[in-house]
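Thanks, everyone. Please bring the model up on your screens, and I'll talk you through it.

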Amino acid sequence: GLGWLCKWTNAMELLSVLLLLVVTGKYRREFRRAGFWLMLAAFVPFVLPPVIWNKNHDWITFQHVTARAGIQKSTQLSLGEFFKFFGAHLGVYSPLIFLAMLAALWWGWDRARAHFKPRFLLAFAVPLLVMYFGLALWNAGEANWTAPAAVSLGILAVALWHEKAQEHAWARKFALAA
């Protein structure tokens, strides 16, 4: 709730928790327990003040957010905007590190089917990345908008590249260069 008040993107954490519970069989039972519903109920008091304020001020924050995302600007998709956003990530994280993170997404996806830890880390990275890279099809946005996803994706990348580096000389060289 406090995170939501600071930056609305923090609400994606709830989506990540929900996604993790849905895709992890042994944790689906949490939907039948009070803890999950108490978490949502504890979030509501933090949501209400900004919603009420926006209702009383012509939804100005929503107008600002949709304008920043480029949704109001154009209805046409733009691969140029997408690649501009992608390129900004190469610049912010460094080309090699960002490519290593993308490789970790690929490798982690396969691992996540059988292991909880990569599934957990992906659940807190993928929704935000999909949302912002999806929006980048209209407007590039800012590379720092995906920073919360980089936390869990960075941890996953380090773990998976560490394993690869122990097995393959090319991975050691790539990791050292990155």
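Start at Leu153. Set aside its neighbours within four places in sequence. What is Leu153 then in contact with? Four residues: Met101, Leu105, Ala125 and Leu129. Keep in mind that this is a predicted model.

Now step back to the core. Leu153 belongs to the largest nonpolar core, which has 29 residues. Leu153 is also among those with the most contacts inside that core, together with Leu129 and Leu156. Which helices supply at least two residues each? They are α5 (79-93), α6 (95-112), α7 (116-123), α8 (126-135) and α9 (147-167). As background, nonpolar side chains tend to be buried together in soluble globular proteins.

Take α6 and α9. They pack at an angle of about 80°, and their axes are 8 Å apart. Angles from 65 to 115 degrees count as roughly perpendicular, so α6 and α9 are roughly perpendicular to each other. Who makes the contact? On α6, the list includes Ala100, Met101, Ala104, Leu105, Trp107 and Arg111. On α9, the list includes Ala150, Leu153, Leu156, Leu160, Trp161, Glu163 and Lys164. So Leu153 turns up here too, as do Met101 and Leu105 on the α6 side, by the 4.5 Å contact cut-off. How does the contact of α6 with α9 split by class? Twelve residues are nonpolar, two are polar and three are charged.

On to α7. Which of its residues are buried? Pro118, Arg119, Leu121, Leu122 and Ala123. Note the arginine in that list. What covers these buried residues includes α2 (12-23), α6, α8 and α9.

Now the whole chain. There are ten helices and zero strands. The C-alpha atoms fill a box of roughly 60 × 45 × 25 Å, taken along the principal axes. Of the 178 residues, 30% are buried. Then the contacts. Take those between residues at least 6 apart in sequence: 68% of them join residues at least 24 apart.

Last, confidence. The chain averages a pLDDT of 92, and 97% of the residues score at least 70. Where is confidence lowest, and where is it highest? Helix α4 (residues 60-69) is lowest, at a mean of 79. Helix α7 is highest, at 97. That is the helix with buried Pro118 and Arg119.

That's my tour. Over to you.

How values were computed. Residues are numbered from 1 along each chain as its sequence is written. Side-chain values use heavy atoms; hydrogens and water are left out. A nonpolar core is a set of buried Ala, Val, Leu, Ile, Met, Phe, Trp, Tyr and Cys residues joined through side-chain atoms within 4.5 Å. Buried means under 20% relative accessible area, exposed over 50%, partly exposed in between (1.4 Å probe, protein chains only). Helices (H or I, at least four residues) and strands (E, at least two) are DSSP runs, numbered from the N terminus. Axes are lines fitted to C-alpha atoms, for helices over the stretch in contact, and angles run from 0 to 180 degrees between N-to-C directions. Angles under 35 degrees count as roughly parallel, over 145 as roughly antiparallel, 65 to 115 as roughly perpendicular and the rest as oblique. Ala, Val, Leu, Ile, Met, Phe, Trp, Tyr, Cys and Pro count as nonpolar, Asp, Glu, Lys and Arg as charged, and the others, Gly among them, as polar. pLDDT is the predictor's confidence in each residue, from 0 to 100.
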